[in-house]
Amino acid sequence: QVQLVESGGGLVQAGGSLRLSCTASGSIFSIGTMGWYRQAPGKQRELVAIIDTGSSTNYADFVKGRFTVSRDNAKNTVYLQMNSLKPEDTAVYYCNANLRFTAWSTWSDVWGQGTQVTVSS
């Protein structure tokens, strides 16, 4: 069974920083694109940032210049460095990985349990 375990969320004042981590563990043959999404109360889940195996990245417009996504392939880990946080960044942040369980598997999306990020004004 494959798990994505997130850490690093919490409460921070506006203008502060947080770093989220997400590690994939279990029976994994290969991992493709990894990334972060978020969901605020009453809103749909939205893309924050993704990174592929070659470290090419894509960011939502609302985090460009403030957030940085990176990965350590040897550790099956993706990170999200969040700087200049705003109250509107408050949400549950979810890690996502597109991966194969075996050499014969198709690609599947796996989600973490989510970590709360709260930014106070």
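Salt bridges, core and disulfide in a predicted model

Biologist: How many salt bridges does a search of the whole structure find?

Modeller: The search finds 4 salt bridges in the whole structure. Bear in mind that this is a predicted model.

Biologist: Which residues are linked in a network of salt bridges?

Modeller: Arg 38, Glu 46, Arg 66 and Asp 89 form the network.

Biologist: Take Glu 46. What does it form a salt bridge with, and how far apart are the closest N and O atoms?

Modeller: Its partner is Arg 38, and the closest N and O atoms are 2.9 Å apart.

Biologist: Is Glu 46 buried, exposed or partly exposed?

Modeller: Glu 46 is partly exposed because its relative accessible area is 32%, which falls between the 20% limit for buried and the 50% limit for exposed.

Biologist: And Arg 38, why does that count as buried?

Modeller: Arg 38 has a relative accessibility of 7%, and the cut-off for buried is under 20%.

Biologist: Asp 89 itself: buried or exposed?

Modeller: Buried, because its relative accessibility is 1%.

Biologist: What does Asp 89 touch, not counting residues up to four places away in sequence?

Modeller: With those neighbours left out, Asp 89 touches Arg 38, Arg 66, Phe 67, Ser 84, Val 117 and Val 119.

Biologist: Arg 66 next. How far apart are the closest N and O atoms in its salt bridge with Asp 89?

Modeller: They are 2.7 Å apart. This pair also links distant parts of the chain: Arg 66 is in the loop between strand 6 (57–59) and strand 7, Asp 89 is in the loop between strand 8 and strand 9, and 23 residues separate them. Both Arg 66 and Asp 89 are buried.

Biologist: New topic, the core. Which residues of the largest nonpolar core touch the most other members?

Modeller: Trp 36, Leu 80, Met 82 and Tyr 93 do, out of 31 residues in that core. Elements that give two or more residues to the core include strand 3 (18–25), strand 4 (30–39), strand 8 (77–82) and strand 11 (115–120). Strand 9 gives the most, with 5 residues.

Biologist: What is Leu 80 in contact with, leaving aside its neighbours within four places in sequence?

Modeller: Leu 80 is in contact with Leu 18, Arg 19, Leu 20, Trp 36, Val 48, Ala 49, Phe 67, Thr 68, Val 69 and Tyr 93.

Biologist: Strand 7, then. Which residues make up its covered face and which the uncovered one?

Modeller: Phe 67, Val 69 and Arg 71 are on the covered face of strand 7, and Thr 68, Ser 70 and Asp 72 are on the uncovered face.

Biologist: How many bridges join strand 7 to strand 8?

Modeller: There are 6 bridges, and the two strands run antiparallel. Phe 67 stands opposite Met 82 in strand 8. The two strands form a hairpin with 4 residues between them, and Asn 76 in the turn has a positive phi of about 50°.

Biologist: Which residues does a disulfide join?

Modeller: Cys 22 and Cys 95, with 2.0 Å from S to S. The search of the whole structure finds 1 disulfide.

Biologist: Is the link of Cys 22 and Cys 95 left-handed or right-handed?

Modeller: Left-handed, with -80° about the S-S bond. Both cysteines, Cys 22 and Cys 95, are buried.

Biologist: Last one, Gln 1. Where does it lie?

Modeller: Gln 1 lies in the segment before strand 1 (3–7). With a relative accessible area of 84%, Gln 1 is exposed. Not counting residues up to four places away in sequence, Gln 1 touches Ser 25, Gly 26 and Ser 27.

Key. Residues are numbered from 1 along each chain as its sequence is written. This is a predicted model: local features need pLDDT of at least 70, side-chain atom pairs count only at pLDDT 80 or more; totals for chains, interfaces and linings use all residues. Side-chain values use heavy atoms; hydrogens and water are left out. A nonpolar core is a set of buried Ala, Val, Leu, Ile, Met, Phe, Trp, Tyr and Cys residues joined through side-chain atoms within 4.5 Å. Buried means under 20% relative accessible area, exposed over 50%, partly exposed in between (1.4 Å probe, protein chains only). Contact means heavy atoms within 4.5 Å. A salt bridge is a side-chain nitrogen of Lys or Arg within 4 Å of a carboxyl oxygen of Asp or Glu. Two strands pair if DSSP finds at least two bridges between them. A disulfide is a pair of cysteine sulfur atoms within 2.5 Å.
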